[in-house]
Amino acid sequence: MCGIVGYSGHRPAVALVVEALHRLEYRGYDSAGVACVQQGSLCVSKAQGKLTQLEQLLSQEAPSTATTAMGHTRWATHGAPAVRNAHPHLSNDKSLALVHNGIIENYLEIKNELLAKGYSFYSDTDTEVLVNLIQECHKQEPDIEKAFAMALNKAHGAYAVCLMDKDQPDVFYAARMSAPLILGVGTGENFVASDIPAFLPYTRKVVFLEDGEMVRATSSSYEVRKIADLSHVDVSVQTIEWDVQAAQKSGYRHFMLKEIFEQPKVIQDAMSGRISASKDEILLPELDALPVPGRLTIVACGTSSHAGLWGRHLLESVAGIGVQVEIASEYRYKETLIFQPGEMVLVISQSGETADTLAALRRARECGATVLGLCNVVGSSIAREAHSVLYTQAGPEISVASTKAMCSQMLLLTLMALYWGQRKGILSSEKCAEYVQSLLSLPEILENSLHDMHDTAKRLARKYAQAKNFFYLGRGHCFSLALEGALKLKELSYIHAEGYASGEMKHGPIALIDSSFPTFAICLNDALLPKVKSNVVEVQARQGHVIALTNKGVDLAVDDAWIIPEVPGVLAAYVVLPALQLFSYEVADYLGKDVDQPRNLAKSVTVE
Ligand code: AGP
């Protein structure tokens, strides 16, 4: 969702900000803009579409000499994607410029008050309302920092904002409330951005701003204060471990492809430090101080919720913990949350900033539940607000479509099931050691098979890319993978796809099957195979074409049998997942779609 960059330093600021915005492109956007102060006036340039449009516009203007600037990529919420709605927005007196990520919920009320005072509005955005509210507050409060805080205290909702004042050309102000914003601390330069990759080529030193905090920064100083009363906040500067390389394509055609191929390493990294030297015990010190849950409610959105659905099987079978999985956007508004004694809530989020998941976490905490977080982004809101957090250690995931993050979430869920099973005394060291052996063998199995899988995905993509609809079928733990396969296909290639539990087909959806409606069936060599086979035959009896993801030796007469390495039990999912991802990737790429930034999507969904 929207990307914000603010910079004050010694380099040409506009060029730097645009370059930094490129590293936030993965968040999804439909217009972009920059602002700086030139000869005492705020100069704003904005363009609809990709950053290349903005760069084209800037190349026609006189090069900027400013060393302080801010920029924005906008994902439309209030108002259509158009130049007039793109950020930065100027106040009526053109003294202030603002960029904003999030939603000001009471903007209409404020807008009406400002209209009554004679203000005019040229966009449909809540951001323009906020910048004019700051102007109005500035009339009463000559110190712009205080006026900024006064306005923010009147605004309700979620925001990350960056402000520039024409009278202070070398300063930017920024503030956050329930939307990501990170301060980058350099030498003779300071940054603020929605995500770390924006400024990573320049500094690894960061301050994670907390909700309700604001910062005033110049090239040589920064000070963080509370928005509520402007009191000084002592912040700690942290050092980011990963480097720019991790946020680059490294020779791959797309980030998504790179991230799919990173999965063997992701599995290794997620296990790192979490398995005892004797390889028969799981170490999750983050959970040691908490009781073993009697029941677990998993709350998440999209792919993260599919990881939760998959994890349920192991948590139930290995740890004997009853699990329910809830979609965060529904859970947060449930009239009644019923917790049984010993019940715990687990929220799963790659970004750690998904608005619905964060709200669900807060609601569960308010109701007295202990909340665990499973996140990839260190220091994210969910990571900070959960009682305890487990990090998936998957490294930055740049492609909007989540791939390696799901793999790492599944790995942590596996480890949690083993850990709790052992703590409850229902999983023996021998059995745990067997699981550990299987887990440790996964990276090599994947390394040896990903290239073949990619070739098969390419071949099948060309054969099936013209389909208008697709079913994905799976049973048991593969049902969640069928849901994920369908989500990947629709979000990347815009082909309509539905994931179903194989046995549910005959209760209605089978009516849709004909020769133009193919089915992708997960038919692994496990106890449920005979049942899945019957479902495949039912599809074929309606002239449906079938791709079956299966193992060597499985007797299946289908259009395309895609053989993948056999891994016993539910851990087979670690091989199924990349096959599903590669198929969607190849279909989308073959159809010429924007694989890393599919239309209408955002990487981090910070609005509800
Ligand atoms: C997956 O490919 C998605 N683009 C999306 O469903 C994503 O998983 C969802 O928005 C949740 O994000 P989170 O894990 O960052 O909370």
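This is a predicted model: local features need pLDDT of at least 70, side-chain atom pairs count only at pLDDT 80 or more; totals for chains, interfaces and linings use all residues.
**The whole chain.** Coloured by secondary structure, the protein shows 17 helices and 24 strands. Its radius of gyration is 25 Å, close to the 25 Å that the globule rule gives for 608 residues, so the protein is as compact as a globular protein of that length. Along the principal axes, the C-alpha atoms occupy a box of roughly 75 × 55 × 45 Å.

Next, select the ligand, which sits in the largest pocket. Two elements each give two or more residues to the shell around the ligand: helix H9, spanning 302-319, and helix H15, spanning 477-493.

**The shell.** Now display the 15 residues around the ligand. By class, the shell comprises five nonpolar, eight polar and two charged residues. To see which residues come nearest to the ligand, select Ser304, Ser349, Ser351, Thr354 and Glu491.

- Serine 351: here a polar side-chain atom lies 2.7 Å from an oxygen atom of the ligand.
- Valine 400: a backbone N or O atom lies 3.2 Å from a nitrogen atom of the ligand.

**Burial.** Finally, show the surface of the ligand. Taken alone, the ligand exposes 410 Å², and the protein buries 91% of that area.

Key. Residues are numbered from 1 along each chain as its sequence is written. Side-chain values use heavy atoms; hydrogens and water are left out. A residue is near a molecule or strand if one of its heavy atoms lies within 4 Å of it. A polar contact is a pair of N or O atoms within 3.5 Å; within protein, one must be able to donate a hydrogen and the other to accept it, and residues adjacent in sequence count only if both atoms are side-chain atoms. Accessible areas come from the Shrake-Rupley method with a 1.4 Å probe; for residues, only the protein chains shown count as cover. On a 1 Å grid over the protein atoms alone, a cavity is a set of points where a 1.4 Å probe fits but cannot get out, and a pocket is an open set with protein on both sides within 12 Å along at least five of seven lines; lining residues have an atom within 4 Å of a point. A molecule sits in a cavity or pocket if more than half of its atoms lie within 2 Å of its grid points. Helices (H or I, at least four residues) and strands (E, at least two) are DSSP runs, numbered from the N terminus. Ala, Val, Leu, Ile, Met, Phe, Trp, Tyr, Cys and Pro count as nonpolar, Asp, Glu, Lys and Arg as charged, and the others, Gly among them, as polar. The radius of gyration is taken over C-alpha atoms; the globule rule is 2.2 Å times the number of residues to the power 0.38.
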